[in-house]
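Here is a report for a reader new to this structure. Look over the sequence and the model, then read on.

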Amino acid sequence: MYKRLGFSVLSALVLAACGSNGGGNVAGGGSGEFLQPGGAAANQTPTVSAIGSQSAPIGHDFALDLSSFFSDADGDALTYTVSFSPDNGDFTVQNGVITGRTAVQGSTTVSVSASDGTASVSDSFIINSDFQQTAIQQAFAGAIDISALADYETIEVPDYIQAPNQVANPVTDAGATLGRVLFYDAALSVDDTVSCSVCHRQSHGFSDPGAVSTGVEGGQTGRHSMRLINTIFSDETAFFWDERAANLEAQVTQPIRDHNEHGFSGQNGRPGFADLTTKLEAIDYYQELFAFVYGTPEVTEERMQSALAQFVNSIVSFDSRFDEGRAQVTDPFFPFPNFTADENEGKNIYMSGPEDDGAGCRRCHADPEFSVFADSGHIGVFGVAGDPTATDFTNVKSPSLRELFKPGGATNGPFMHDGSMTTMREILDHYDAIPVPADPVVRDEFMASIDPQLVQMGQVERLNLTDVEKDQIEAFLRTLTGQNVYTDPKWSDPF
Ligand code: HEC
Ligand code: HEC
């Protein structure tokens, strides 16, 4: 809605039919009194007191009643003909009142002609659409200019990718810009030390190098942080390792309410979410940003959810060597011309099922999105970080397998919900021969909830991969890394 497609055209809005006299030809003057045939008093031409420039701040409702400027000495009803230049549809006129709201910085010239049916008078004035962004400029100099927003809403989607599924809350430049500020703002934590970016670092594929993450006052998360890559293209629409958040909007304020993460839990003497919205409403740049995005400075959980989800959904990666190769073939099973022999062989093993001597990875992490299969069960990783005796069989989601590695080759690990695996070889060894727990009670629970695709005739499948094959799969997974996601300033810290 903030992108103006096409060019503005000067269009005239005629509000009421002009009288059959075809008025408007009596030019301004009209001062001389003379008698019309039949002796009736001459018509008085309408008059106008200069309207002067008006201001319609970006994102704010504007209204101007023309009857406070135009009058007619005879008391004739006035009809207005109004044109806007440029006319992008932001301003309209009805019953002599101009209303509208714009998201575009600039000025609109408004030409008004008021007719009493016989004579008319005209005036023109300018509506300046600017925005109060003093506090924004002060806080984010060089990073955010709301009259020249970064482009978030144009998400370049390769044609082999299916449509985004999060259409209910589409990414907008304004919403994602607010989301970016919220994402990087430590004011969103009870002691002003923790922002989303503490645990979701751009330099680390929007994950955390620690097995678990540290939130406010040393609080630890129960699981490993997840990479936030291509969430908008995920086959699985629920969020978290155990999929307990029904959608991204529901997810993004949960860390804020989490006692150990941002701390606005309302528990053990900690403030609750309402205290956070009050806190943010007192911050000048949020007053400007919320007014800019939503028309009023009010901070609500729903507005924060929408903006944060838009920012997270804007983080996309399609500049990997995989994408480069995929664009050159008609079928993903064909060898990619830009791949080495090992990468192509690794792709083959990844894509093929165990019945074809493959590793069957594609059953759950299908190309080209590499998000997790929506109905996946667990994969035999059931540890609980920090508690070697506890078990957790609820983890059935994985982040997209894109960006497992940084462009330089280091991992964005550790991996898995408990952060228990640090190398790709460890992961491949796990899938090759998934260990079954010895304790009969744990084993029953394990077998009851493991993904059925990993069980063949009552036994957990064995892939029998060779070392060479494991290296080839790893070589292939390394092709799923792009560059831009680590460096694009629109996803970086604006503070
Ligand atoms: C203290 C560390 C920490 C902070 C702060 C934090 N996260 Fe997370 N994030 C995690 C962990 C850990 C998980 C996985 C938790 C789980 O599954 O139980 C996670 C999971 C997520 C997911 C789910 C991804 C998926 O694919 O399912 C999203 C989205 C997310 N975080 C966004 C955010 C946003 C937005 C914020 C800020 C409002 C935030 N996180 C703050 C640690 C953190
Ligand atoms: C039955 C579905 C399934 C199959 C088959 C499968 N995975 Fe997974 N994968 C998952 C799930 C679910 C997780 C998350 C597990 C957890 O953390 O407990 C995961 C996690 C991962 C992770 C860690 C992701 C991260 O961000 O920490 C990698 C890497 C991975 N899988 C690679 C592979 C490879 C390579 C194969 C083929 C050898 C494969 N997977 C086969 C479902 C599957």
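## Helices H2 and H7

In this predicted model, Ala174, Gly175, Leu178 and Val181 in H2 meet Leu289, Phe292 and Val293 in H7. By class, six residues of this contact are nonpolar and one is polar. No charged residue takes part in the contact of H2 with H7.

Helix H2 covers residues 173-184, and helix H7 covers residues 284-294. Their axes lie 9 Å apart. The packing angle is about 155°. Angles over 145 degrees count as roughly antiparallel, and H2 and H7 are therefore roughly antiparallel to each other. The crossing of H2 and H7 is left-handed.

## Helices H11 and H13

The crossing of H11 and H13 is right-handed.

Which residues meet here? From H11 come Met424, Arg425 and Leu428. From H13 come Lys470, Ile473, Glu474 and Leu477. By class, the contact of H11 with H13 has four nonpolar and three charged residues, with no polar ones.

## The open sheet of E4, E8 and E7

Strands of a sheet pair through backbone hydrogen bonds, either parallel or antiparallel. One open sheet here has three strands, in the order E4-E8-E7. Its pairing is antiparallel. Strand E4 (62-65) and strand E7 (91-94) are the edge strands, and each pairs on one side only. Neighbouring strands of this sheet are turned by 20° against each other on average, direction ignored.

Strand E8 spans residues 97-100. Four bridges link E8 to E4 in the antiparallel sense. Across this pairing, Asp65 stands opposite Val97 in E8.

Strand E9 (residues 106-115) runs antiparallel to strand E6 (residues 79-85). Seven bridges join E6 and E9. Tyr80 stands opposite Ala114 in E9.

E9 also pairs with strand E10 (residues 120-129). Ten bridges join E9 to E10, and these strands run antiparallel. Val112 stands opposite Asp123 in E10. E9 and E10 form a hairpin with four residues between the strands. In this hairpin, Gly117 takes a positive phi near 105°.

## Around ligand 1

How many residues surround ligand 1? The count is 30. The closest are Cys196, Cys199, Gly215, Phe240 and Pro255. By class, the shell around ligand 1 divides into 17 nonpolar, nine polar and four charged residues.

Helices contribute to this shell. Helix H3 (196-199), helix H4 (248-252), helix H5 (254-257) and helix H8 (301-314) each supply at least two residues of the shell around ligand 1.

## Around ligand 2

Ligand 2 has a shell of its own. It is surrounded by 29 residues. Cys361, Cys364, Ser398, Phe415 and Asp451 are the closest to ligand 2. How do the residues of this shell divide? They comprise 18 nonpolar, eight polar and three charged residues.

How values were computed:
Residues numbered from 1 in each chain as written. Chains lettered and ligands numbered in written order. Predicted model: local features only at pLDDT ≥ 70, side-chain atom pairs only at ≥ 80, totals over all residues. Pairing = 2+ DSSP bridges. Axes fitted to C-alpha atoms, helices over the stretch in contact; angles between N-to-C directions. Near = placed C-beta within 6 Å. Nonpolar A, V, L, I, M, F, W, Y, C, P; charged D, E, K, R; others polar. Parallel < 35°, antiparallel > 145°, perpendicular 65-115°, else oblique. Left-handed = near helix turned anticlockwise from the far one by under 90°. Contact = placed C-beta atoms within 7 Å.
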